[in-house]
Amino acid sequence: MAVFRTFKALRPVPEKAEQVAALPYDVVSREEAAAIGEKNPYSFLHIDRAEIDLGPEVGLYEDQVYAKARENLEKMEKEGILAEDREPFYYIYELTRKGKTQTGVVGCASIDDYQQGIIKRHELTREEKEQDRIRHVDTCSANTGPIYLTCQYTEELKDVLKRWKEEHPAVYDFTADDGVIHRVWVIDEEEKIGFIGREFAGIPSLYIADGHHRAASAVKVGLKRREEHPGYTGEEEFNFFLSVVFPYEELTILPYNRVVLDLNGLEEKAFLGSLKFNFELMLMPGFPCKPVEKHCMGMYLGGEWYHLRAWEDVYASQDVVGQLDVSILQEKVLGPVLGIRDPRTDGRIRFVGGIRKMQELMDMADKSHGAAFVMYPTSMEDLMRIANEGKLMPPKSTWFEPKLRSGLFIHKI
């Protein structure tokens, strides 16, 4: 059963919350982060992407970047931009995008639950990205970005959160530049805290929706601290990591689209011909093609849009991973035809979150004389089934929206 406990959040004072809150470090480029940081001295990107406060000659993974992150974090606390709560609490984090609301509980998950498989994963991680966040968390001595978890809530837990929101004022309530509304409540009543803890203790599994690298890094820092403190009791903060848990039915998964920068030496006609072995191919003149059901995808090539529908015998005998559209694309097109054998490392492929406009995909493909593929979103049911079976999705299979903001909750370890 899951351990999900309270913590003393280091968080912005209410009047600074909107300025502090920032997109996750890994969805903005160095250039985008620098532009945001230049305009906003309180943006949490000064901590999560501290290289923006150093010269362009400084590499992303140099020692001074992590030292600057800690310096900026300590400065924001010293100047009263961030303040730590007096007691450990749970927090409600509500996000509303395009009229759809999701409500989660902010707390700390257990590194033991992660190691024992109670917290379930569905993606592999990359070593260099893990090492970056390990150094960041260890140097700052804090989890600075929440792990995005999901599970099946009980109706009783949903009801308690709903009534708390109705009966208490939000400590934060702002609309970000992208139109997403962010609201936060502090649950500071002992009775409700105990109830929430017991409800989570009855939940058999938590699932990582987003943040596999942050989770793996937080766990490895915790294990490192255990080695450094052989007399640890298991109650120290380094045994737990910052998380937000949402009910799975409230989440929105957008597609994670692909752009391949060239056709692997093929002429367009030959490439199109190769697709007919595994797909029904239909030219869609005049407008972009977004798939509306599983086992279909849109493709942009040479100024034209096509609709691809996989033949049933391509996927009918496959397991749940093999039936994912991203798997079908990889196994039938990207690998054998376009030569993308390892999409995690191949420099010829770009992954584009479903929040991006179709025109961006078209521009990338036109510029490189390659092809863009528009995917149908992976379902939450498939994600949870894959995690339950201990299997892994191909990289970049899911894009969750809206993104949680960093800086609203910091967990000192």
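Okay, hi everyone. Before anything else, keep in mind that what we're looking at is a predicted model.

Let's start with the whole chain. We've got 14 helices and 21 strands here. If you draw a box around the C-alpha atoms along the principal axes, you get roughly 65 × 50 × 45 Å. So how does the radius of gyration sit against that of a compact globule? For 413 residues you'd expect a value near 22 Å, and the chain comes out at 22 Å, so the two agree. As for what's tucked away, 54% of the 413 residues are buried. And take the contacts between residues with a separation of 6 or more: 78% of those join residues 24 or more positions apart.

Up on the screen is Ser-243, in strand β12, which covers residues 240–247. Is Ser-243 buried or exposed? It's buried, because its relative accessibility is 0%, and the cut-off for buried is under 20%. Who's around it? Leaving out anything up to four places away in sequence, Ser-243 touches Phe-4, Val-105, Val-106, Gly-107, Ala-109, Ile-147 and Leu-149. And what about the polar side-chain atom of Ser-243? One such atom lies 3.3 Å from the backbone oxygen of Phe-241.

Next one: Asp-382. You'll find this residue in helix α14, residues 380–388. Asp-382 has 13% relative accessibility, so it counts as buried too. Setting aside neighbours within four places in sequence, its contacts are Lys-294, Val-320, Leu-324 and Met-393.

Last stop, the second largest pocket. Its volume is about 730 Å³. Which elements give two or more residues to its lining? Those are α1, residues 17–20, and α2, residues 30–39. In total, 27 residues line this pocket, and the ones nearest its centre are Leu-23, Ile-36, Asp-177, Asp-178 and Arg-405. If you sort the lining by type, you get 12 nonpolar, 4 polar and 11 charged residues.

And that's the tour: the chain, then Ser-243 in β12, then Asp-382 in α14, and finally the pocket with its 27 lining residues. Thanks, everyone.

Note on methods: Residues numbered from 1 in each chain as written. Predicted model: local features only at pLDDT ≥ 70, side-chain atom pairs only at ≥ 80, totals over all residues. Heavy atoms only, no water. 1 Å grid on protein atoms, 1.4 Å probe; cavity = no way out; pocket = protein on both sides within 12 Å on 5 of 7 lines; lining within 4 Å. Points joined across faces, edges and corners; volume = space filled by probe spheres on them. Helix = DSSP H or I, 4+ residues; strand = E, 2+ residues; numbered from the N terminus. Nonpolar A, V, L, I, M, F, W, Y, C, P; charged D, E, K, R; others polar. Buried < 20%, exposed > 50% of the residue type's maximum accessible area, 1.4 Å probe, protein only. Polar contact = N/O pair within 3.5 Å; in protein donor to acceptor, adjacent residues only side chain to side chain. Contact = heavy atoms within 4.5 Å. Rg over C-alpha atoms; globule rule 2.2 N^0.38 Å.
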